[in-house]
Amino acid sequence: MSSRIQKWDILKFLLMFCVVLGHFADYHAEQSDDMKSLFLFIYSFHMPLFLFVSGLFSKRMINERRWDKILGYLVLYFFTKIMVFAYDGIFKQSFEFRLFGETGLAWFMFALFAFGLITVGTSRFKPAYVFVFSLLLSLFAGYDNTVDSELVLSRIIVFYPFYYAGYCIDPKKLEEMSRGWWKKLLALAAMVVLGWVAFNVTGVYHVRPMFTGQHPYDTLGGGEDWGGLIRLACYAVSALACLCIIVIIPDRLDKKGRLARLGQYTLSVYIFHYIILKLLYNTFDMREYLAEGDMVWYIVPMALATTLLFSNKWFNMLVTKVSAIPTSARKKKETQVDLLKNKEEIINNKL
């Protein structure tokens, strides 16, 4: 019997759908104010919560110093970079390759690799000190324009507090805390208010750089002096939204866990949905065929179809095999060491 908890897999599937939908919306942000609002609403919580959940279930990897698992994210980073490079070479005749500079798809894998290393390195310190330091560092980093996409440094600094908070929290206590119909009602009301603000408050889209995690404060367009406080306020919004969504997500939807099962394939969706996006918008330029008022009726089904397309065991199997390369290499080395030891023991016994 599987020991997986449906609640977290349901949440992961929802978040991955939001990732795909957010990327679809971003392609139309220049055409449509509604797409700008949808993008801002999704980005206010989806990546902070995704990284929080990643930290939540990284405890064994971190505590047992599973370097092979941590290195697996670095391997996935290069796999994703090579895939994007191949696509651009075939369809765009572009052969630009930056080894560790990343503003596109692969940043997430490198960030998870970095988060694993950082959390192992800080495990000897008190969690409260690590969290406060990481939070303060993120608030001040926005004033430094050299903190950018090189080594994914900006996003690593900005999003690490969410990952580390997940690492420090017990998921069982979080599950217990999230139960109660009145909590779900309040959480739903809070998310409705957040959605209303995103779609109705004029000028709120200007804080977009604070939710993407890759821009300094001077991109705020005049509010850079207050950048630290603006980022802190955005952190508070994201933290509240993350908590609300955790509360809203049910413990289970059905006994067989059909939807929850799809939540096990999020990495494969994340990596391969790029292909659909690039085909639709770079090769065929779907923007020309979508009128502003009809966009939401197109991109939501397209985002859901894309998420479902890559939520299967075959794509997941490929991603799993790629990420397991360090583990396989370690096992092979351990086997060779064991064989050498056995040979030495046999020789010593004969002597």
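The lining of the largest pocket comprises 16 nonpolar, 10 polar and 8 charged residues; here Ala, Val, Leu, Ile, Met, Phe, Trp, Tyr, Cys and Pro count as nonpolar, Asp, Glu, Lys and Arg as charged, and the others, Gly among them, as polar. The model is predicted, so local features need pLDDT of at least 70 and side-chain atom pairs count only at pLDDT 80 or more, while totals for chains, interfaces and linings use all residues. Residues are numbered from 1 along each chain as its sequence is written, and side-chain values use heavy atoms, with hydrogens and water left out.

The largest pocket holds about 1,300 Å³ of space. Among the 34 residues that line this pocket, R4, K12, F57, Y73 and L267 are the closest to its centre. A pocket is defined on a 1 Å grid over the protein atoms alone as an open set of points with protein on both sides within 12 Å along at least five of seven lines, whereas a cavity is a set of points where a 1.4 Å probe fits but cannot get out; in either case lining residues have an atom within 4 Å of a point. Grid points are joined across faces, edges and corners, and a volume is the space filled by probe spheres set on the points. Helices that each supply at least two residues of the lining of the largest pocket include α1 (6-27), α5 (67-92) and α14 (266-283). Such helices are DSSP runs (H or I, at least four residues), numbered from the N terminus.

The second largest pocket has a volume of about 950 Å³. Its lining consists of 35 residues, and E102, T103, G104, L105 and Y274 lie nearest the centre. Helix α5 provides the largest share of this lining, 6 residues. Other contributors of at least two residues each include α1, α2 (33-43), α8 (153-168) and α14. By class, the lining of the second largest pocket has 15 nonpolar, 10 polar and 10 charged residues.

The whole structure contains 2 cavities of 30 Å³ or more. The largest cavity has about 70 Å³ of space, and its lining is formed by P48, V158, F159, F162, M210, F211, R231, C234, Y235 and S238. Helix α12 (227-248) gives the most to this lining, with 4 residues, and α8 and α11 each supply at least two. The lining of the largest cavity divides into 8 nonpolar residues, 1 polar and 1 charged. The second largest cavity has a volume of about 30 Å³. Residues E102, D148, S149, V152, L153, S154, R155 and Q214 line the second largest cavity, and by class they are 2 nonpolar, 3 polar and 3 charged.

V152, one of the residues lining the second largest cavity, lies in the loop between α7 and α8. Phi of V152 is near 55 degrees, a positive value in a residue other than glycine. V152 counts as buried, at 2% relative accessibility; buried means under 20% relative accessible area, exposed over 50%, and partly exposed in between (1.4 Å probe, protein chains only). L151 is also placed in the loop between α7 (127-141) and α8, but it is partly exposed, with a relative accessible area of 43%. Beyond its neighbours within four places in sequence, L151 is in contact (heavy atoms within 4.5 Å) with F100, G101, F110 and I156. A positive phi, near 50 degrees, is likewise found for R65, in the loop between α4 and α5.

Aromatic side chains form 30 pairs in the whole structure. Rings of Phe, Tyr and Trp (its six-membered ring) pair if their centres lie within 6.5 Å; planes under 30 degrees apart count as stacked, over 60 as edge-to-face and the rest as tilted. The ring centres of F24 and Y281 are 5.9 Å apart and the planes lie at 70 degrees, so this pair is edge-to-face. It links distant parts of the chain, since F24 belongs to helix α1 and Y281 to helix α14, 257 residues apart. F24 is buried, with a relative accessible area of 0%, and Y281 is buried at 3%. The pair F85 and F97 is also edge-to-face, because the ring centres are 5.6 Å apart and the planes are at 85 degrees. F85 is in helix α5 and F97 in the loop between α5 and α6. F85 is partly exposed at 28% relative accessibility, and F97 is partly exposed at 37%. The charged end of K81 sits over the ring of F97, 5.4 Å from its centre; this term requires NZ of Lys or CZ of Arg within 6 Å of the ring centre and within 35 degrees of the ring normal. One aromatic cluster is formed by F50, W107, F108, F159 and Y270.
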